[in-house]
Amino acid sequence: MGTVAIVGAGPGLGLSLAKVFGGQGFEVALIARTASTLDELVDDLADSGIAAAGYRADIMDRPSLVRAFRDIAANHEPVEVLEFSPAPRGPEAGMVLAGPLDVSVANVQPHLDFYVHGAITATGQVLPDMLERGSGTLLYTTGPGSVLPAPAMGNVGLACAALRNWVLNLHDALAGKGVYAAHVPLSLDADEADPDRIAPHYWDIHVSGEGGEHPLTASVLRGKRR
Ligand SMILES: NC(=O)c1ccc[n+]([C@@H]2O[C@H](COP(=O)([O-])OP(=O)(O)OC[C@H]3O[C@@H](n4cnc5c(N)ncnc54)[C@H](OP(=O)(O)O)[C@@H]3O)[C@@H](O)[C@H]2O)c1
């Protein structure tokens with residue numbers, strides 16, 4: 001069945017996605033920076049009977065991300081699904097929020113490095129093989145600001161909108177090649193953002209293989225409650 005590689009795998013959405021895709025028979029490769037968290041996720045998945053392995057990489061350190069994918073290729077079935085949903089854990093160096101009047105090259109660059117260059121780098125590690133095989137799914141998660149301008153997130157939104165733009169073009173460019181790319185903007189209030197309810201929709205999106213964008217809102221979750 002192949003491997004699902006989750007870039008930015010933590011105890012929220014990453015773990016829930018791993019459970020869904022692992023439960024369907026995929027090998028699971030988790031990428032994040034913190035070894036102890038990865039170990040906990042792998043143990044948690046093992047308790048559910050899912051074979052997973054963690055790979056340490058920092059999206060901001062692109063050679064480390066490339067190395068992680070090299071190791072995944074050596075240890076697993078080919079990556080059939082790439083899912084990109086890293087989330088900074090609170091304020092991190094350089095990853096500040098800026099409104100439109102305060103946007104600067106300096107405060108946009110880290111977000112471009114994180115979302116755009118990170119996604120491009122991860123994709124570059126798996127897309128050539130997917131094209132050669134004529135199969136694969138590429139899913140990229142952002143928040144609502146990638147689609148609708150949110151002034152408080154002027155700089156992050158700019159980077160996420162750029163990622164969305166690339167993914168929509170990628171979707172079109174991959175038509176007829178057996179590889180499917182889609183953008184998944186999550187737009188949920190905190191009380192609705194249960195990753196265990198969100199993750200099954202990614203499976204549906206992967207299986208459908210249709211549509212360049214799948215916004216997940218409260219009404220979508222309610223309408224397709226499992
Ligand atoms: N309200 C909503 O609409 C909603 C709800 C849920 C999720 N989301 C979105 O869904 C995505 C996932 O959120 P989540 O918090 O649930 O995910 P998660 O899978 O629990 O965590 C994501 C992981 O990304 C990793 N990460 C952060 N920076 C990284 C870096 N530089 N390199 C590699 N890995 C990195 C972190 O692990 P390390 O620190 O160990 O690297 C973190 O644990 C986010 O885009 C979030 O905004 C939105």
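A pocket is here an open set of grid points, where a 1.4 Å probe fits, with protein on both sides within 12 Å along at least five of seven lines. In this predicted model, the second largest pocket holds about 160 Å³ of space. Its lining consists of Phe69, Arg70, Ala73, His76, Glu77, Pro78, Val79, Gln125, Val126, Asp129 and Arg133. Helices α3 (62–75) and α4 each contribute at least two residues to this lining, and α4 gives the largest share, four residues.

The largest pocket has a volume of about 1100 Å³. Of its 42 lining residues, Ser85, Pro86, Ala87, Pro88 and Tyr115 are the closest to its centre. At least two lining residues come from each of α1 (13–23), β2 (27–32), α4 (105–133), β5 (136–142), α5 (154–173) and β6 (179–187). The lining of the largest pocket divides into 23 nonpolar, 15 polar and four charged residues.

Spanning residues 35–47, α2 has 13 residues and reaches 18 Å from its first C-alpha to its last, close to the 18 Å expected at 1.5 Å a residue. Within α2, Thr37, Leu38, Leu41, Val42 and Leu45 are buried. Viewed down the helix axis, the buried residues of α2 fall within an arc of 135°, so they line one face of the helix. An α-helix has 3.6 residues a turn, so residues three or four places apart point the same way. The cover over the buried residues of α2 includes α1, β2 and β3 (52–56), whereas Glu40, Asp43 and Asp47 are exposed on the other side of α2. Following α2 is glycine 49, with a positive phi near 80°.

Conventions: Residues are numbered from 1 along each chain as its sequence is written. This is a predicted model: local features need pLDDT of at least 70, side-chain atom pairs count only at pLDDT 80 or more; totals for chains, interfaces and linings use all residues. Side-chain values use heavy atoms; hydrogens and water are left out. On a 1 Å grid over the protein atoms alone, a cavity is a set of points where a 1.4 Å probe fits but cannot get out, and a pocket is an open set with protein on both sides within 12 Å along at least five of seven lines; lining residues have an atom within 4 Å of a point. Grid points are joined across faces, edges and corners, and a volume is the space filled by probe spheres set on the points. Ala, Val, Leu, Ile, Met, Phe, Trp, Tyr, Cys and Pro count as nonpolar, Asp, Glu, Lys and Arg as charged, and the others, Gly among them, as polar. The expected span of a helix is 1.5 Å times one less than its number of residues. Buried means under 20% relative accessible area, exposed over 50%, partly exposed in between (1.4 Å probe, protein chains only). The arc is that of the directions from the helix axis to the C-beta atoms. Contact means heavy atoms within 4.5 Å.
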